[in-house]
Structure formats: structure tokens, C-alpha cells
Amino acid sequence: MGNVFVLDHPLIQHKLTYIRDKRTGTKEFRELVDEVAMLMAFEITRNLPVQEIDTDTPVTTAKTKVLAGKKIGLIPILRAGLGMVDGMLDLIPAAKVGHVGLYRDPETLTPHEYYIKLPSDIEERELIVIDPMLATGGSANDAIESLKKRGAKNIRLMCLIAAPEGVEVIKEAHPDVDIYLAALDEKLDEKGYIIPGLGDAGDRLFGTK
């Protein structure tokens with residue numbers, strides 16, 4: 001069964017408070033999301049395998065470590081997932097970036113795929129699906145399904161905030177996918193918004209209504 005990790009690092013929690021605050025404007029919101037994404041990337045990559053190589057320092061030859069095994073692929077769910085990519089690339093600049101475009105029907109809340117563009121070698125990569133909000137779980141579930149249909153085998157899901165309902169959907173549908181969160185919130189309201197949440201992440205990132 002996939003594990004759920006709530007990343008309770010003090011810096012993540014501190015910045016998340018200001019992300020939640022309705023008084024935080026678009027510019028500051030965007031910067032904070034960027035910073036939290038970088039901090040989450042640090043935590044999510046903690047167990048990446050390394051291998052030992054010989055490196056010539058100015059003084060001698062040393063046994064040093066570099067990343068080994070699978071390469072990283074970042075897969076933001078459009079559009080809000082874009083707000084977390086740059087912060088992760090600051091830490092993992094060699095990662096390839098794919099995109100999955102989904103929109104949610106406002107009446108039925110079901111997601112529909114309208115765009116997908118992925119690295120050609122996704123079956124060889126550790127993929128991190130990125131979406132700030134895991135609410136009903138519909139969008140993340142569909143994105144993960146799309147990746148698996150195209151050969152992806154190693155997938156993690158990274159979100160700022162999740163509702164328990166969304167977490168259960170992913171755990172049930174994709175027991176092989178670990179979930180990384182900055183916070184696990186209380187519940188969903190009748191409109192599918194996370195409570196207490198942070199509002200609409202896409203609108204707050206891009207200054208739209």
C-alpha cells in the first residue's frame with residue numbers, strides 16, 4: 001500500500017501558513033509556493049540511490065557520491081502544478097518535465113484530459129506528479145492513470161494540501177504510489193474545496209478569478 005508522508009519541516013509549515021492566508025497577494029503567493037516546492041523536493045528525494053565514484057580534488061583523489069539509478073521526471077498537472085515546477089528544478093535541474101492538462105467539470109467535478117506531453121523515456125524515470133491541491137482526487141487519479149497507460153512504473157504524488165477523501169481515492173486506485181504532502185486538511189466542502197485549504201491554487205498563482 002502506498003504511504004502518505006506529511007512533511008512537517010518547520011520551514012515548510014511556516015511558509016504554508018502564509019500561503020493559506022487570504023491577504024497574501026499573487027506575487028508573494030507564487031514565491032512562497034516556489035520555496036515550499038523546493039523544500040518538499042529536498043524531502044522527497046531523501047532516499048534516492050547514490051553510487052561511489054573517484055573524484056580528483058585539488059589535493060588528492062577522493063571517493064565521492066553521485067546519484068545512481070533512475071532519473072527524475074516532473075509531471076505538473078496543468079495549470080496549478082506549474083507553480084511548483086521551478087522550485088523543484090532549482091534543486092533537480094537535470095529533471096525532465098512533462099505536462100498533463102486536465103480540467104474539472106464544475107457540475108460533476110469529474111476531470112477531463114485535454115493535453116499530455118511527456119518525456120520519451122518515462123518508463124525509466126522516477127516520476128513526481130505535482131498538483132498543489134489533492135481534493136476529490138479525480139485529477140491526480142486520471143493523471144496517474146495516463147502515465148501508467150504510457151508505461152510509467154515509478155510514480156510519486158506531491159501536493160501542498162490534501163483532503164482525506166482525495167488521499168483515500170489515490171490509495172485505493174494506486175496502492176503503489178506514495179503521497180507527499182505539506183498538510184493533510186480536515187475535509188471537502190459541498191463544492192469540492194478543501195477545508196480549511198487555501199482557496200483556488202491556480203487563481204491565486206496566476207491572479208485570475
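This is a predicted model: local features need pLDDT of at least 70, side-chain atom pairs count only at pLDDT 80 or more; totals for chains, interfaces and linings use all residues.

Colleague: Why is the contact between lysine 27 and glutamate 31 called a salt bridge?

Modeller: The rule asks for a side-chain nitrogen of Lys or Arg within 4 Å of a carboxyl oxygen of Asp or Glu. Here the N to O distance is 2.7 Å, and the pair is a salt bridge. By this rule the count comes to 12 salt bridges.

Colleague: What makes lysine 27 exposed?

Modeller: Its relative accessible area is 58%, and exposed means over 50%. Glutamate 31 has 37%, and with buried being under 20%, values in between count as partly exposed. So glutamate 31 is partly exposed.

Colleague: How do you know that glutamate 126 and arginine 156 form a salt bridge?

Modeller: Their N to O distance is 3.6 Å, and the limit is 4 Å. Glutamate 126 lies in strand E8 (residues 125-130) and arginine 156 in strand E10 (residues 154-162), so the pair ties together parts that are 30 residues apart in sequence.

Colleague: And are those two buried or exposed?

Modeller: Glutamate 126 has 16% relative accessible area and arginine 156 has 15%. Buried means under 20%, so glutamate 126 is buried, and so is arginine 156.

Colleague: On to the rings. Why is the pair of phenylalanine 5 and tyrosine 180 called stacked?

Modeller: To pair, ring centres must lie within 6.5 Å, and planes under 30 degrees apart count as stacked. These centres are 4.9 Å apart and the planes are at 20 degrees, so the pair is stacked. The structure holds 1 aromatic pair. Phenylalanine 5 is in strand E1 (residues 4-6) and tyrosine 180 in strand E11 (residues 178-184), 175 residues apart. Phenylalanine 5 is partly exposed at 31%; tyrosine 180, at 8%, counts as buried.

Colleague: What makes E6 and E7 paired strands?

Modeller: Two strands need at least two bridges between them. E6 (residues 99-104) is joined to strand E7 (residues 111-117) by 6 bridges, and the two run antiparallel. In E7, histidine 112 is the bridge partner of tyrosine 103. Strand E4 (residues 71-78) runs parallel to E6, with 2 bridges joining them, and leucine 78 stands opposite glycine 101 in E6.

Colleague: Last one: what lines the largest pocket?

Modeller: It has 29 lining residues, and Ala80, Arg104, Asp131, Ser139 and Asp200 lie nearest its centre. Among the elements giving two or more residues to the lining are E4, E6, E7 and helix H4 (138-149). The lining divides into 16 nonpolar, 7 polar and 6 charged residues, and the pocket's volume is about 690 Å³.

How values were computed. Residues are numbered from 1 along each chain as its sequence is written. Side-chain values use heavy atoms; hydrogens and water are left out. Rings of Phe, Tyr and Trp (its six-membered ring) pair if their centres lie within 6.5 Å; planes under 30 degrees apart count as stacked, over 60 as edge-to-face and the rest as tilted. Helices (H or I, at least four residues) and strands (E, at least two) are DSSP runs, numbered from the N terminus. Buried means under 20% relative accessible area, exposed over 50%, partly exposed in between (1.4 Å probe, protein chains only). On a 1 Å grid over the protein atoms alone, a cavity is a set of points where a 1.4 Å probe fits but cannot get out, and a pocket is an open set with protein on both sides within 12 Å along at least five of seven lines; lining residues have an atom within 4 Å of a point. Grid points are joined across faces, edges and corners, and a volume is the space filled by probe spheres set on the points. Ala, Val, Leu, Ile, Met, Phe, Trp, Tyr, Cys and Pro count as nonpolar, Asp, Glu, Lys and Arg as charged, and the others, Gly among them, as polar.
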